[in-house]
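Please look through the sequence and the structure below before reading on. The paragraphs that follow go through a few parts of the chain in turn.

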Amino acid sequence: MQTLYITHPACHLHEMGSWHPECPERLDAINDQFLASGIAGLLRSCEAREASESDLLRVHTHAHLDFLKKHVPSSGYFEVDPDTYMNPHTLAASLAAAGAGLTAVDEIMNRQAQNAFCAVRPPGHHARPDQAMGFCFLNNIGVTVAYALEKYNLGKVAIIDFDVHHGNGTAEMFASDSRVLMCSFYQNLIFPNVHTEKKSENMLNIPVEAYATGEVVRKLISDHWLPRLQAFEPEFIFVSAGFDAHREDELAQLGLVENDYAWITEQIVAQAEASAQGRVVSFLEGGYNLSALGRSAVAHVKALAKL
Ligand SMILES: [Zn+2]
């Protein structure tokens, strides 16, 4: 079975101003590198469906959805916060970005694909149940995990977040939910620098200091994530794949390179094969140096697809 590559045309239309690093060109950079590396032709492409209101309400509040609907501008931008803006296409793009995960879960559970990479934006892992923040409006991975747990009655799933920023929204949604184990690392003391989730046994979110290398991160994964994942035996693994811990990325100061993303993904795939019949859905989160983003996404998807 193949790896699915899921995206949607609306994801190109959301933009927050020509100065903003979370830009449509990020998807072009990934697509270009997938073509140049030759992996594009080896994946099965598919378009995301839109998440429905009931899909979103598993993790978001009515008030949040009403806020987003109310503030879609007919032209120009609506400022949610100084990092986060809506344009006329933002809501449509967000519904597709969240819906990509639902499409992926159905394809995988129906054995039409082994795993999936969702090349979508806006990203999602900072979006809280009732608040858009940090370039995120809807929590794509959160919506998807809640859907998979309910629709397929899964008992245990893992969330791996290797974006350089703490996935505060995702953590808030699943802290104390014993069906979910979340493993992440993030650069200490940078955005969002808040922990809104309850302290909880099922949250293994580990800060690392600025200028840490891939070697440091691999060791913490080997020492902390992998034993917990092995003991937990997740039936499905969901990944917040941000590539902004890359050493060429200027939004943070960690030192990962493409090989580190390949190694991390190999560990995820190995665990998925051990306990989850190989089932993995990965979502693009951050990654703002366009060249490093494209190369890192290739390394990640090559490892997912075993190419
Ligand atoms: Zn990030």
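This is a predicted model: local features need pLDDT of at least 70, side-chain atom pairs count only at pLDDT 80 or more; totals for chains, interfaces and linings use all residues.

His 165 has a relative accessibility of 8%, and because buried means under 20%, His 165 counts as buried. Asp 163 has a relative accessibility of 1%, so Asp 163 counts as buried too.

Both residues take part in a metal site. The zinc ion has protein donors from Asp 163, which is listed with two OD atoms, from His 165 through ND1, and from Asp 244 through OD. These donors lie 2.0 to 2.7 Å from the zinc ion. Along the chain, the donors follow the spacing D-x1-H-x78-D.

How are the four donor atoms arranged around the zinc ion? The angles they subtend run from 53 to 152°. Four donors count as tetrahedral if all angles lie between 85 and 135 degrees. The range of 53 to 152° therefore makes the arrangement around the zinc ion irregular. For comparison, the ideal angle for four tetrahedral donors is 109.5 degrees.

The next stop is a helix. Helix H4 spans residues 62–70, and within it His 64, Leu 65 and Leu 68 are buried. These three residues cover an arc of only 95° around the axis, so they are on the same side of H4. The face turned away from that buried side carries Ala 63 and Lys 70, which are exposed. What covers the buried residues of H4? Among the covering elements are helix H3 (53–56), strand E4 (84–86) and helix H5 (90–109).

Now consider the cysteines. How many disulfides does a search of the whole structure find? The search finds zero. Cys 11 is in no disulfide, and the nearest cysteine sulfur belongs to Cys 118, 9.5 Å away. A disulfide would need a pair of cysteine sulfur atoms within 2.5 Å. Cys 11 has a relative accessible area of 0%, so Cys 11 is buried. Cys 23 is likewise in no disulfide; the nearest cysteine sulfur to Cys 23 is that of Cys 11, at 14 Å. Cys 23 counts as buried because its relative accessibility is 14%.

Last comes a wider view of the chain. An unreviewed UniProt entry carries the annotation "domain: Histone deacetylase" for residues 20–304. In the model, the span of residues 20–304 is 41% helix and 15% strand. The end C-alpha atoms of this span lie 30 Å apart.

Technical notes
Residues are numbered from 1 along each chain as its sequence is written. Side-chain values use heavy atoms; hydrogens and water are left out. Donors are N, O and S atoms within 2.8 Å of the metal (3.2 Å for Na, K and Ca); water is not among the atoms, so sites may look incomplete. Four donors count as tetrahedral if all angles lie between 85 and 135 degrees; four count as square planar and six as octahedral if opposite donors are over 155 degrees apart and all others between 65 and 115; anything else is irregular. Buried means under 20% relative accessible area, exposed over 50%, partly exposed in between (1.4 Å probe, protein chains only). Helices (H or I, at least four residues) and strands (E, at least two) are DSSP runs, numbered from the N terminus. The arc is that of the directions from the helix axis to the C-beta atoms. Contact means heavy atoms within 4.5 Å. UniProt positions are given in the numbering used here, feature names are shortened, and annotations may be inferred rather than shown by experiment.
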